[in-house]
Amino acid sequence: MTSRLRSAKRPEILAPRRRTVVKAAAATAVLAGGPLAAALPARAAAEATAFLHGVASGDPLPDGVLLWTRVTPTTEATPGSGLGPDTEVSWTVALDKAFTNVVSKGSTTATAAADHTVKADIRGLAPATDYWFRFSSGGTDSPAARTRTAPAADAVVTGLRFGVVSCANWEAGYFSSYRHLAARGDLDAWLHLGDYIYEYGTGGYGTRGTVVRPHSPAHEILTLADYRVRHGRYKTDADLQALHAAAPVIAIWDDHEFANDAWSGGAENHTEGTEGTWSARQAAAKQAYFEWMPVRPAIAGTTYRRLRFGRLADLSLLDLRSFRSQQVATGSGSVDDPDRTITGRAQLDWLKAGLKASDTTWRLVGNSVMISPFVIGSLTADLLKPLAELLGLPKDGLGLITDQWDGYTDDRRELLAHLRSNTIRNTVFLTGDIHMAWANDVPVDAGTYPLSASAATEFVVTSVTSDNLDDLVKVPEGTVTALAAPIIRAANRHVQWVDTDRHGYGVLDITADRAQMDYYVLSDRTDPNATARWERSYRTRNGTQKVERTYDRA
């Protein structure tokens, strides 16, 4: 996928020096249709270079970080157009925002073949250090952005702090969660756990019946050009640009970067033939993703990889779409079929080996769908009936969402048995997808919990904007949580907390003593100026493999 990106020239590592900072906002105003457009000749406007999609960094290492931008060299060179000339783009990395202490610079070429996106994999940097970077092209500088390298592999690290988000449907509201995370100024990085974009056409996905702001393109995305346009649309969001400019992102994909309920051979939201072949659609989605995201794949075509943050934590990032078997219907006994997989054999072996070999205090797993069991069973009729009727759930006490690890129980049993048999402690799954906030123990045997052991813990973050349960049934916020949470917890005793109704984000704070998730909620996803407030915090203490509520934010 990334082979169509031209390789960057080898960067120079420089002694600090002073340079003049040149601002060129006029080009951006021209291409955005601002007041300067009419004042300049048409040819000058067409030839002006701009960075309309912001800048970003990702996948921090102790000695480097991946930088990203997209340049618009001419007005016709819009995302997905395939138009526009080859354009030289340079980058500068400095220790200060004024770029007086420059430490690295280099250049590469943006081409239409890569949708005029560019990446620079910068190395030779110092560990655990803040840097500033920007791109330049055609006399125009991009906005300056902050990034941060990871601690040295053997460093004793006292603390880490990550923003955690998932599920951002453009049409359902504004990305205020990103704005509030960007404003913190204290993040080592932020994790996006999937559904960075959505594939549906305008009005095709739940928004409480209201399209807050329409997608581009308006139709469901199928082709490489479509996926490029959709990524480009997202990258114009000011709040998303602000977060990308504040800290490096560590991202994995889930299904909507492709199509709903994607698996290795297809998707629920893909019709073979009338919507082309799945192999072509999947390849297009992956190519656009790697073009538009600051992700450094360790293996071509997949997002599973591992990052390390000193001796405090490592982070295993999963790809739970490229290798999985097709989902089965709720109630099917084939969820236990040992030939079914959510990870694929190679990835599961890689994960198990990495968790066993880890010498860090915490073993974090970036996990796009919930690993904790979620069942409705062993309930009296008076408890089960109202939840089933409200949510349209089955009434026979079975696993409810077979798109999650519940649909691939043999993989889950093997992984949890591996954690137990090798006495692997402090494994924390970080999860998105389900549009709810959860704090879970991950039991070896959910049916006998809490008498059986907990092998790990899991923090699940809610959606940035995508519909929660209260949105789906169109009732006031908090209504479904008040009814459903006690019923869910009665049937799933490993679930310590669930909020089914609110939108927001998480902040994961890690020390040697505990890993803590602070959950924040938004006042109104449809308000571009929405406020955020702290809702709750849960932590897992070193060595316990269980979560508990704490009443203090980190």
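Student: What should I keep in mind about the numbering and the model?

Tutor: Residues are numbered from 1 along each chain as its sequence is written, and side-chain values use heavy atoms, leaving out hydrogens and water. Because the model is predicted, local features need pLDDT of at least 70 and side-chain atom pairs count only at pLDDT 80 or more, while totals for chains, interfaces and linings use all residues.

Student: How much of the chain counts as buried?

Tutor: Buried means under 20% relative accessible area, exposed over 50%, and partly exposed in between, with a 1.4 Å probe and protein chains only. Here 59% of the 554 residues count as buried.

Student: Which residues have the most contacts inside the largest nonpolar core?

Tutor: In soluble globular proteins, nonpolar side chains tend to be buried together. A nonpolar core is a set of buried Ala, Val, Leu, Ile, Met, Phe, Trp, Tyr and Cys residues joined through side-chain atoms within 4.5 Å. The largest one here has 41 residues, and Phe175, Tyr178 and Trp190 have the most contacts inside it. A second, separate core of 33 residues includes Ile250, Leu317, Leu430 and Ala515.

Student: What does Tyr178 touch beyond its neighbours within four places in sequence?

Tutor: Contact means heavy atoms within 4.5 Å, and the partners of Tyr178 include Val165, Trp190, Leu243 and Val464.

Student: Is Val375 buried, partly exposed or exposed?

Tutor: Val375 counts as partly exposed because its relative accessibility is 26%. Although Val375 and Ala491 are 116 residues apart in sequence, their C-alpha atoms are 6.6 Å apart in space.
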